[in-house]
Amino acid sequence: MSAIRATGLRCTFDELVAVDGLNLDIAPGEIFGLVGPDGAGKTTTMRMLTGLLPPTGGSAEVAGCDVVRDVERLKEQIGYMSQRFGLYPDLSVLENIEFYADIYGVPIQGRPEKLERLLGFSNLTPFKQRLAGNLSGGMKQKLGLACALIHTPRVLFLDEPTNGVDPVSRRDFWRILYQLVREGVTIFISTAYLDEAERCNRLALLHQGRLLALGTPDEIRAMMPGALVEVRTSAPRRTARLLRARLAGASVGLFGDRVHVVTREVVPTQARIRELVAAAGFELLGLQAVEPSLEDVFVAVTASPPAAAAPADLSPMSANR
Amino acid sequence: MRTEPTQSTETVIEVQNLEKHFGTFKAVAGISFAVRRGEIFGFLGPNGAGKSTTIRMLCGLLAPTAGSGRVAGYDIVRDTEKIKTRIGYMSQKFSLYDELTVEENIDFYSGIYRLPKTRKAERKEWVLTMAGLRDHRRARTSVLSGGWKQRLALGCAVLHEPPILFLDEPTSGVDPNSRRQFWDLIYSLSEQGVTVLVTTHYMEESEYCDRLGVIYRGELIALGPPRELKTRHLQEAVLEIECERPNDAMEIVERLPEVKEAALFGHGLHAVARAADAGPADTAIRAALAGAGFRVARVEGITPTLEDVFVSLIEARDRAHAPQTEVQR
């Protein structure tokens, strides 16, 4: 049985189509990532799958419960940590967890053991008397997770849980997620960090309410049209401008001191880059094919709107500055 | 050999021991740095680290508790009004009026910046072209995509052609295409001599800057060009491991005496060795994973990523100072 299954799931707000015919089939114990920019439909999808927002069309089942007809049963089966997860800043860590235990009707018997376990699991035991308002971003996020787990849900929904959190806390958080998966929990996570998306078993790239791609990170990387060549020279900005002007049929991007060129023909393009860079008198510090990141794939498969093309030859300032 | 046009040596932003306290909490705990004309200077740090507070002090929006600073030659405490005419400021929330049209937003900011009538029309056309909004000038701002709003907000922030631009998490939540277009604009502004100070919590984005200050719990814990930060701060070798079931493999790798720590990274693992030489850790990792039946595609010593460096800096700092007063906001 699938942990999550959606068929033609759709949600419209007036004329705005937020989610447009989503099909998903997620197995128990998977970490599934939903990736896309703000406004792509990630939160709307989560709200439909958690029974908070009735779909305009299509259907979905989570942990065997229909998201429209079995909402009450569904809520017992799932945990949901939204972006603005409701922690009470003037309650302590322990009081926050107890509050959620009451809401979910967790039996008093066995509750203290459960609380201790959750606190230990999220490394919050030393801080259990601290007010939630006095926690760092990373600790608040772990407390949010502990609260979302109080009723031992089978499917866990996490909406951008690590946004803006320091990298040490992010690493801790992912360790906890893997531990949960070992216990058989299915995790559905949305993230704006494409490097984080690589850690999911499978992921969906969502763009303007539609699935652009769905598969394992490797499968998605294989969708890259062409290969990626990284160029490093003594003058990266001028190199980017040069290659943009002179390298036909390739797309060129500047990333700090590296220039990325997407091309279908790696060897001839590399030879041409060598020529151009030498003729311009720049020193070539590095030239190699590199593995595209998920972000490179995302950029390559979402055609950029022509009106928004960067004005390469347009002086950003008027002449009289 | 040719390099970029010589960078200016003129300092346009300078800060000494800047502090900002809110009650007992030190949001900014004594930071010092200088930015040259035309430089793209990045502030990298998690939410609550003190990035926005610092920017607000530099813009003259918030008075420092201690320390001093100059922006475009003006004192950040005494000359705040003069600073405001010399800077552009774009906040995370873009401060556009959703119910106004694109053009009306531009007109509104032209008024605020008191652009002379003769320049108004010209600057408006410039912003519309730059943001790719010529065909949408009468569209209500509320219907624009995140990327368009972001470029419109940038246009409004530079209407008065300020020589210094402050960008507070300008690309948060914007799709990668728009983010790349935005950075192309930032690069071309910088080439015109505009100095840019930008904050971000995306490691990857921070590498687009010429120089970077890593800020954590109100302190500047590292400062330098991204490539230098990656090579200077970690004494130990970093290895990248590509293997099946990385989350299980991690437990084996991090128990090896040759390995200081291991973490999931991308679709593989990163391990920090105990020594500067990757060799012994490489051998040990391969043997241990093979012994446990893991198929290993690749183990390789790599240049550390900024995340590896950031993590090691944070851990070193937390070891040196007692786990502090947690951030209160």
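I started with the two domains of chain A: the centres of domain 1 and domain 2, taken over C-alpha atoms, are 39 Å apart. The domain assignment of chain A puts domain 1 at 4-216 and domain 2 at 227-304; such bounds come from an automatic or database assignment.

Housekeeping before going on. This is a predicted model, where local features need pLDDT of at least 70, side-chain atom pairs count only at pLDDT 80 or more, and totals for chains, interfaces and linings use all residues. Residues are numbered from 1 along each chain as its sequence is written, and chains are lettered from A and ligands numbered from 1 in the order in which they are written.

**Domain 1 against domain 2, chain A**

I looked up who touches whom, with contact meaning C-beta atoms, placed from the backbone, within 7 Å. Seven residues of domain 1 of chain A meet six residues of domain 2 of chain A. On the domain 1 side, helix H7 (194-197), strand S9 (202-207) and strand S10 (210-215) of chain A are the elements giving two or more residues. Helices (H or I, at least four residues) and strands (E, at least two) are DSSP runs, numbered from the N terminus. By class, that side of domain 1 has five nonpolar, one polar and one charged residues.

**Chain B against chain A**

Here I found 51 residues of chain B in contact with 49 residues of chain A. Elements of chain B that each supply at least two residues to its side include helix H4 (117-130), helix H5 (146-157) and strand S12 (259-265). H6(B) gives the largest share, ten residues. The class count for the chain B side is 19 nonpolar, 18 polar and 14 charged residues.

**H9 and H10 of chain B**

How do these two cross? The axes of helix H9 (residues 246-253) and helix H10 (residues 279-291) of chain B come within 10 Å and cross at roughly 120°. I noted B:Ala249, B:Ile252 and B:Val253 of H9(B) against B:Ile285, B:Ala288 and B:Leu289 of H10(B) as the contact. By class, this contact has six nonpolar, no polar and no charged residues.

**Chain A overall**

I logged eleven helices and 14 strands for chain A. Its C-alpha trace spans about 80 × 45 × 45 Å along the principal axes. Among contacts in chain A between residues at least 6 apart in sequence, 68% join residues at least 24 apart.

Note on methods. Contact = placed C-beta atoms within 7 Å. Nonpolar A, V, L, I, M, F, W, Y, C, P; charged D, E, K, R; others polar. Axes fitted to C-alpha atoms, helices over the stretch in contact; angles between N-to-C directions.
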